[in-house]
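Hi there,

Here is the structure I promised to pass on. Have a look at it first, and then read my notes below.

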Amino acid sequence: MTTTVVSAGEAAGAVVALCALVALWEVAERRRVTGRARAVLAGGTAVYPGAVGGRAGPAVVGARWWAALRGRRAWLCLPAGGVVAVLGESPLPLVAGAVAVPLVGRRLREAGRRREREARAERVVALCGAVAGELRAGWQPAQALSFAARETGALGAEEAAVLAAARFGGDVPAALRRAAAQDGADGLAGMAACWQVAVDGGAGLAAGLDRLEAALREHREQRERLRAELAGAWATVVVLAVLPPAGVGLGAALGADPLRVLLHTPAGLGCLAVGGALEAAGLWWAARIVRGGERT
């Protein structure tokens with residue numbers, strides 16, 4: 001019996017070490033390929049800020065490693081599961097960590113897209129204010145749009161098409177509507193409407209952009225107030241997620257050895273399966289309710 005337990009622990013430790021080596025190799029390989037590409041694009045020599053003697057300094061190297069690891073935060077589930085597997089002398093936590101990697105990765109990607117969407121919406125608001133300000137300073141609409149778009153970066157991938165339409169007398173409202181199809185750039189559709197009205201009816205473009213900017217800012221403030229009101233609900237969801245691991249840790253601190261019971265006994269495995277399913281269902285339902293409030 002003792003030999004079997006030790007073998008399971010050693011196997012779990014070996015798998016954790018292998019996963020760590022694979023992750024480090026992947027980061028190093030990406031860094032090598034990126035450095036080579038930059039060297040080729042730079043004409044054979046790669047130049048980085050903070051480089052000493054043609055090589056990147058420690059701060060630059062550390063920043064690159066941190067950026068690479070930050071983009072792979074979901075893979076931290078593997079070493080976390082490996083640690084629990086070693087402590088519990090069972091490969092089940094490591095399997096659970098491997099299963100959690102794509103799920104956590106999807107959640108992180110969704111959070112990143114949400115941040116990008118909100119940042120683009122902020123840039124659209126800044127674009128409206130900048131164009132209105134340049135128009136009042138005496139600039140022509142095309143010049144004001146070109147300057148403000150380069151300063152704010154609100155047009156994203158459609159910037160070249162919109163600026164070309166503005167510079168060479170193209171259909172600027174149509175180009176702005178195409179740019180509004182980007183995630184978070186809905187306010188550009190309002191700018192397209194203001195531009196269309198100003199061109200066809202001779203209305204003041206600056207005044208329309210001012211009203212559009214005020215409306216977009218009010219919408220953002222409403223969203224922030226709603227998010228603040230839902231902060232308590234999200235805190236409840238986080239507490240529900242943390243309670244089971246905290247209970248296991250508390251039991252281990254009291255000397256009850258909950259990992260052995262959960263991972264090495266039929267009753268413990270049954271409780272672990274049922275409890276995990278109930279926990280997942282509860283978290284999904286609570287998060288669904290909160291997101292429904294956000295969408296409303």
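Among contacts in the protein chain between residues at least 6 apart in sequence, what percentage join residues at least 24 apart? The share is 55%, where a contact means heavy atoms within 4.5 Å.

Before the rest, a word on how to read the numbers. This is a predicted model, in which local features need pLDDT of at least 70 and side-chain atom pairs count only at pLDDT 80 or more, while totals for chains, interfaces and linings use all residues. Residues are numbered from 1 along each chain as its sequence is written, and side-chain values use heavy atoms, leaving out hydrogens and water.

On the overall fold, the protein chain has 12 helices and zero strands; both are DSSP runs numbered from the N terminus (helices are H or I with at least four residues, strands are E with at least two). Of its 296 residues, 27% count as buried. Here buried means under 20% relative accessible area, exposed over 50%, and partly exposed in between (1.4 Å probe, protein chains only). The chain exposes about 18200 Å², and carbon and sulfur atoms supply 65% of that area. Accessible areas come from the Shrake-Rupley method with a 1.4 Å probe, and for residues only the protein chains shown count as cover.

Part of that surface is a nonpolar patch of about 230 Å², made by L92, L269 and L272. Patch residues have over 30% relative accessible area and no salt bridge; like charges are joined within 9 Å, and nonpolar side chains (Val, Leu, Ile, Met, Phe, Trp, Tyr) within 5 Å. A salt bridge puts a side-chain nitrogen of Lys or Arg within 4 Å of a carboxyl oxygen of Asp or Glu. L92 belongs to helix α4 (residues 92–136) and is partly exposed, at 42% relative accessibility.

V248 sits in helix α10 (residues 231–253) and is partly exposed too, with a relative accessible area of 27%. Leaving aside residues up to four places away in sequence, V248 touches P258, L259 and L262.

Lastly, the cysteines. A search of the whole structure found zero disulfides, taken as pairs of cysteine sulfur atoms within 2.5 Å. For C194, the nearest cysteine sulfur is that of C128, 7.5 Å away. C194 is buried, at 18% relative accessible area, whereas C271 is exposed, at 53%.

Best wishes
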